[in-house]
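Welcome! Please take a moment to look over the sequence and the 3D view, and then we will walk through them together.

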Amino acid sequence: KQFSNRNTDKNSFGVKETETDVSSQVQTFLKCELTAFNTTGGNEKAHVNGRTGSHYGSIYALAYVSPYICSAGADGLVKIWNSTNGTLVRELLGHRRSVLSLQVGLQTNTLYSGSVDGTVRVWDLDTYACRRSLECNRSVFCMCLVGNVHVGGGNEKSLLFAGLSNGLVYVWQTGTFEKVLRLSTGTKSPVCALAFS
């Protein structure tokens, strides 16, 4: 939609806007900030903003794996930040749509990212390479890792659970990335959170 400086066009809420108003709203919408705090003293430890390579659009997920803070957002990127000084270390490219969830590996330097593009990507945080892409064919809303689960014959395995937009939960064994379960919630509503104890 074209906005004029005459202040006569109305937005979808019926509010008159000028070109300047729209520009400032877009800039405000696109500005995402991430601040890390020292938990013992409460003082700001590192600050990330639009000048240092932040996301375009919303940040949907955060994960901490020393010495990094990982973020994911509407721009389809996973970004790795230095948790000490807030500098951008690396952008992980591969998702085609928004990334809604991040999960840190239990004992390995691995990061999992779940996206609206219907994939879970497995990242190696030593090389920043995508080791594998797990197909879900539906938007991935959330993930959860569970370690030391007895799977068939008493073997202990680590499992990755992914909650999908269609009410299903896919489960992979993390060592082989073999899909071992497909669970249904009995509804078509998205699975927005997973937790195990």
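With which residue does lysine 79 form a salt bridge? The partner is glutamate 91, and the closest N and O atoms of the pair are 2.8 Å apart. A salt bridge here is a side-chain nitrogen of Lys or Arg within 4 Å of a carboxyl oxygen of Asp or Glu. A search of the whole structure finds one such bridge. Lysine 79 sits in strand E5 (residues 78-82) and glutamate 91 in strand E6 (residues 88-92), so the contact ties together parts that are twelve residues apart in sequence. Lysine 79 is buried, at 2% relative accessible area, whereas glutamate 91 is partly exposed, at 34%. Buried means under 20% relative accessible area, exposed over 50%, and partly exposed in between, with a 1.4 Å probe and protein chains only.

A word on what you are viewing: this is a predicted model, in which local features need pLDDT of at least 70 and side-chain atom pairs count only at pLDDT 80 or more, while totals for chains, interfaces and linings use all residues. Residues are numbered from 1 along each chain as its sequence is written, and side-chain values use heavy atoms, leaving out hydrogens and water.

Next, find the open sheet, where four strands follow the order E7-E8-E9-E10 with antiparallel pairing. Strands are DSSP runs (E, at least two residues) numbered from the N terminus, and two of them pair if DSSP finds at least two bridges between them. Strands E7 (99-104) and E10 (129-135) are the edges, each pairing on one side only. From one strand to the next, the twist averages 20°, where axes are lines fitted to C-alpha atoms and angles run from 0 to 180 degrees between N-to-C directions.

Now look at E9 (residues 119-124), which six bridges join to E10. Threonine 119 has glutamate 135 in E10 as its bridge partner. The two strands form a hairpin with four residues between them, and in the turn tyrosine 128 has a positive phi of about 65°.

Finally, turn to the lining of the largest pocket. A pocket is an open set of points on a 1 Å grid over the protein atoms alone where a 1.4 Å probe fits, with protein on both sides within 12 Å along at least five of seven lines; lining residues have an atom within 4 Å of a point. Of the 14 lining residues, the closest to the centre are Leu106, Gln107, Thr108, Ser158 and Thr174. Strands E8 (110-115) and E11 (140-151) each give two or more residues to this lining, and E11 has the largest share, with three.
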